[in-house]
Every structure is written in C-alpha cells, then in structure tokens.
Amino acid sequence: MNARIVPVVLALALLAGCGKGAGGSAANGLQGNPERGRAALAQHACRACHMIPGVSGPETYVGRPLADLAERRFIAGGLPNNQANLVRWIRDPQSIDPNTAMPAMGVSERDALDMSAWLLRPEK
Ligand code: HEC
C-alpha cells in the first residue's frame, strides 16, 4: 500500500519546494494551504458527518469530530497519523478500510492536501 503513496509524496515534495512561502505552512512541516483547506472541508460537506473546528454546521456524530487530529497517533482505527496517510484516507478511505462507512467523495489531491493542512495544524 505504501507503493501508491510514494509518487504522491514525491510530487508534493516537488510542489512544496517550488512554492516555498507561497501559501504553504513550511514552518510546522506541513504542506498545503490550511485556509484553503478549511473552505474545501465546507465545500465537500464533510461536516454532514464530522464536526470540524473552524467549519460550522449541525451537531453530528456519524464520524468522529475531527478535533485535535495533530495529537493523534492513529486515524481511522489503525492508520499511522501523518499528512500523506490523511490525504490518502480523505481521497479513498476504502483503499485503507474496505468496510468503512466513510464514502470516497472525489476530493482532488490538492483539496485533500489543503484539508489535511487545516486538520493537522497545531494551533487551534
Ligand atoms: C457519510 C458520512 C461521512 C462523510 C460525508 C465523511 N466522513 Fe470521514 N468518516 C466517516 C466515518 C463513519 C468515519 C470512521 C471510519 C473508521 O474509523 O473506519 C470517518 C473517518 C474519518 C477520519 C478519521 C477520523 C479519526 O478520528 O480517526 C477522517 C480524518 C475523516 N473521516 C475525514 C473526512 C473528510 C475530510 C471528509 C470530507 C471530504 C469526510 N471525512 C467525509 C464518515 C464520513
């Protein structure tokens, strides 16, 4: 399963290298644009199932609240919590857990990266 992540990580590393300082948050080691990610989380209606800090919506507990993700060792049961795995989960949860109730929602690579930057940002 890691073989599928490697090209993505390399591509992201290249993108980040070119755009350093241009909307990324290199200071905390995260790639992507957290504010853009916050908007993408709202646009993709993740809030229908998850409560998310900074994204308004109804009280819901279909999936867990996506708070304090930066503090978690694992996500979705047993997936080591890092940015690449979070991006992969957001884009294609069934590739990690075929039985998960979370649907693949057609999130682009860039949107998923930006979402992960928002969810993993340390300052809350
Ligand atoms: C139809 C409901 C539904 C929608 C919509 C949904 N999710 Fe989920 N999500 C779930 C469920 C259920 C789980 C728990 C899955 C598991 O642990 O196997 C989950 C798990 C997660 C996790 C792991 C959470 C943890 O505490 O380990 C993340 C991160 C996540 N979802 C992000 C998103 C994002 C980002 C979106 C929008 C693109 C989204 N979800 C849309 C239902 C949903």
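**Exercise 1.** Decide whether Gln83 is buried or exposed in this structure, and state which element holds Gln83.

*Solution.* Gln83 has a relative accessible area of 13%, and therefore counts as buried (buried means under 20% relative accessible area, exposed over 50%, and partly exposed in between, with a 1.4 Å probe and protein chains only). Gln83 is found in helix α3, where helices are DSSP runs of H or I with at least four residues, numbered from the N terminus. Leaving aside neighbours within four places in sequence, Gln83 is in contact with Leu30, Gln31, Leu113, Ser116, Ala117 and Leu120, contact meaning heavy atoms within 4.5 Å.

The model is predicted, so local features need pLDDT of at least 70 and side-chain atom pairs count only at pLDDT 80 or more, while totals for chains, interfaces and linings use all residues. Residues are numbered from 1 along each chain as its sequence is written, and side-chain values use heavy atoms, with hydrogens and water left out.

**Exercise 2.** Work out how the axes of helix α3 and helix α4 cross.

*Solution.* The axes of α3 (residues 83-91) and α4 (residues 109-120) come within 9 Å and cross at roughly 125°. The two helices are therefore oblique to each other (under 35 degrees is roughly parallel, over 145 roughly antiparallel, 65 to 115 roughly perpendicular, and the rest oblique). On the α3 side, the residues that make the contact include Gln83, Leu86 and Ile90, and on the α4 side they include Leu113 and Ser116.

**Exercise 3.** Find how many disulfides the structure holds.

*Solution.* The structure holds zero disulfides, a disulfide being a pair of cysteine sulfur atoms within 2.5 Å. Cys46 is buried at 13% relative accessible area, whereas Cys49 counts as partly exposed at 29%.

Technical notes. Axes fitted to C-alpha atoms, helices over the stretch in contact; angles between N-to-C directions.
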